[in-house]
Amino acid sequence: MRILHAIQELGTGGAERVVVALARGAQAAGHEVAVASAQGGLVAQVDGPHYPLPLVERRLSRLPGAI
């Protein structure tokens, strides 16, 4: 299965660490995994492809444009 995890950024927060852990677990299970996010400290821990996303201001009205 091919999986893409998308998160706003890969800083050092809890949600970001969960995405990295999920990606690693899925890779260990034999899946193709990529992560899409703005840069951050945890990007180096992503063992598969990383697709850069622009970091947008955290307002609900701006999220559809970021996607």
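Ser-37 has Pro-52 of strand S3 as its bridge partner. S2 and S3 run parallel and are joined by three bridges; two strands count as paired if DSSP finds at least two bridges between them. Helices (H or I, at least four residues) and strands (E, at least two) are DSSP runs, numbered from the N terminus. The model is a predicted one, in which local features need pLDDT of at least 70 and side-chain atom pairs count only at pLDDT 80 or more, whereas totals for chains, interfaces and linings use all residues. Residues are numbered from 1 along each chain as its sequence is written, and side-chain values use heavy atoms, with hydrogens and water left out.

The open sheet comprises three strands in the order S1-S2-S3, with parallel pairing. Strand S1 (2–9) and S3 stand at the edges with a single partner strand each, so one side of each has no neighbour in the sheet. Helix H1 packs on the sheet and touches S1 and S2.

The largest nonpolar core has 11 residues, including Ile-7, Leu-10, Val-33 and Val-46; such a core is a set of buried Ala, Val, Leu, Ile, Met, Phe, Trp, Tyr and Cys residues joined through side-chain atoms within 4.5 Å. H1 gives the largest share of this core, four residues.

A search of the whole structure finds one salt bridge, a side-chain nitrogen of Lys or Arg within 4 Å of a carboxyl oxygen of Asp or Glu. Asp-47 forms a salt bridge with Arg-24, their closest N and O atoms being 3.7 Å apart. Asp-47 lies in the loop between S2 and strand S3 (50–52) and Arg-24 in helix H1, so the pair ties together parts 23 residues apart in sequence.

Conventions
Buried means under 20% relative accessible area, exposed over 50%, partly exposed in between (1.4 Å probe, protein chains only). Contact means heavy atoms within 4.5 Å. Axes are lines fitted to C-alpha atoms, for helices over the stretch in contact, and angles run from 0 to 180 degrees between N-to-C directions.
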